[in-house]
Amino acid sequence: MTAHHDTHGHIGHERGSDSDVAFAQLLELDADVLASYLAELTGLLADLIDPTPARVLDLGSGPGTGSFALARRFPTAQVTAVDLSAQMLHRLREQAAVHGVTERISTLEANIDEPWDAIGANGPYDLIWAASFLHHVADPARTLAQTFEQLRPGGLLAVTEMDFFPLYLPEDAGVGRPGLEARLHAAMNTQPDHEWTDQLENAGFTVEKRPFEIRLDHAQAGPSVNAYALGFLAKLRSHATDLLNADDLAALDILLDKAQPNSVAHRDDLRVHTTRTTWIAHRP
């Protein structure tokens, strides 16, 4: 995968109304299917932070999946969700009403690469969350320095990266040659994993790196797994034209075609296997 494919460890997307909606839907499906993982991660943060956080900052919040997980875990906290997209924040506010947390989640449209005057107005923060976000900023070192300044002493920063998109299909998907999904991942996932330990330490944090391996069968993944797999595989397919041979592309197109009996949209043999890494950074 070359840099322009924009698929390693996050969901690349082009700015625009339709693409923002599709991006938000994928993130919401991810949070739905991986709800047990989010509960585990936020539970770990709750065990590590003292006292219970009163002010939480979600950097690059998107439609608010992290904000809602944090609001559930810390029911007395005020959460500030920051994103560059007004449409994402509008969707977040709508969902906050659905979740009954409108009074506890505020939104702020801001560019993280610019001065943090508005972001700092609600600080200092006890906990800062940055999920699949840090690799997007123009100057990670500067962003981490600003994050350090916005945390109270003793506060935590949680930086999470998706190592790569999940695997869903059995080895033999019943279409094309066995191993299609593995070949798709091998063709696109050629960049090194994200690594933030040194930059976090340089910013003044003490750091603990925590890997999470997630394995869910179809029942554990729940009813959203088919839409989840369809969305992610379609995203990968959009970048794969020059990376897979014609037979693999044709097989992938069949799997993505809802009218086909073997489509990912209808299968009951899907599972989810993915890994995430979180750097838990403590401000002394």
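**Entry 1**

I looked up Val-82 and found its bridge partner in β3, which is Leu-108. The model is a predicted one. I then checked the strands behind that bridge. β2 and β3, the latter spanning residues 105–109, pair in the parallel sense over five bridges. I followed the chain between these strands. β2, α4 and β3 make a right-handed β-α-β unit.

Next I took β1. Strand β1 covers residues 55–59 and pairs with β2 in the parallel sense, over five bridges. One position I noted is Val-56, which stands opposite Val-79 in β2. From β1 the chain goes through α3 to β2, and I read this β-α-β crossover as right-handed.

How many of the six residues of β2 are buried? I found five of the six, so-called mostly covered, for the strand at residues 78–83.

**Entry 2: the second largest pocket**

I turned to the second largest pocket. I noted about 230 Å³ of space in the second largest pocket. Which residues line this pocket? I listed Glu-28, Ala-31, Asp-32, Ala-35, Leu-38, Pro-63, Thr-65, Phe-68, Arg-72, Gln-95 and His-99. I sorted the lining by residue class: five are nonpolar, three polar and three charged.

I also asked where the lining comes from. Helices α1 (17–33), α2 (35–48), α3 (65–73) and α4 (86–99) each supply at least two of the lining residues.

**Entry 3: aromatic pairs**

I went through the ring contacts. The structure holds seven aromatic pairs. One of them joins Phe-148 and Phe-205: the ring centres are 5.1 Å apart and the planes stand at 80°, so I logged the pair as edge-to-face. The cut-off for that label is over 60 degrees between planes. This pair links distant parts of the chain, 57 residues apart. Phe-148 sits in helix α6 (residues 140–150), and Phe-205 in the loop between α8 (197–202) and β6 (206–216).

Buried means under 20% here.

I then looked at Phe-165 and Phe-232. They form an aromatic pair of the tilted kind, with 5.2 Å centre to centre and 55° between the planes. Why does this pair tie together parts 67 residues apart in sequence? Because Phe-165 lies in the loop between β5 (151–162) and α7 (180–188), while Phe-232 lies in helix α10 (residues 225–237). Phe-165 is buried, at a relative accessible area of 3%. Phe-232 is buried as well, at 1%.

**Entry 4: two distances**

I picked Ser-36, which I placed in helix α2. Ser-36 has a relative accessible area of 49%, so I marked this residue as partly exposed; exposed would need over 50%. How many residues separate Ser-36 from Leu-216 in sequence? The answer is 180, yet their C-alpha atoms are 9.9 Å apart in space.

I then picked Leu-92, in helix α4. Leu-92 is buried, with a relative accessible area of 0%. From Leu-92 to Asp-242 I counted 150 residues along the chain, and the C-alpha atoms are separated by 36 Å.

**Entry 5: backbone details**

I checked omega angles. The peptide bond from Asp-50 to Pro-51 is cis, with omega near 5°. Pro-51 lies in the loop between α2 and β1. I noted another cis bond, from Gly-123 to Pro-124, with omega near 0°. Where is Pro-124? I found Pro-124 in the loop between α5 (117–120) and β4 (125–131).

Ser-132 is not a glycine, yet has a positive phi of about 50°. Ser-132 lies in the loop between β4 and α6. With a relative accessible area of 25%, Ser-132 is partly exposed.

How values were computed
Residues are numbered from 1 along each chain as its sequence is written. This is a predicted model: local features need pLDDT of at least 70, side-chain atom pairs count only at pLDDT 80 or more; totals for chains, interfaces and linings use all residues. Side-chain values use heavy atoms; hydrogens and water are left out. On a 1 Å grid over the protein atoms alone, a cavity is a set of points where a 1.4 Å probe fits but cannot get out, and a pocket is an open set with protein on both sides within 12 Å along at least five of seven lines; lining residues have an atom within 4 Å of a point. Grid points are joined across faces, edges and corners, and a volume is the space filled by probe spheres set on the points. Helices (H or I, at least four residues) and strands (E, at least two) are DSSP runs, numbered from the N terminus. Ala, Val, Leu, Ile, Met, Phe, Trp, Tyr, Cys and Pro count as nonpolar, Asp, Glu, Lys and Arg as charged, and the others, Gly among them, as polar. Buried means under 20% relative accessible area, exposed over 50%, partly exposed in between (1.4 Å probe, protein chains only). Two strands pair if DSSP finds at least two bridges between them. A crossover is right-handed if, with the strands pointing away from the viewer, the path from the first strand over the helix to the second runs clockwise. Rings of Phe, Tyr and Trp (its six-membered ring) pair if their centres lie within 6.5 Å; planes under 30 degrees apart count as stacked, over 60 as edge-to-face and the rest as tilted.
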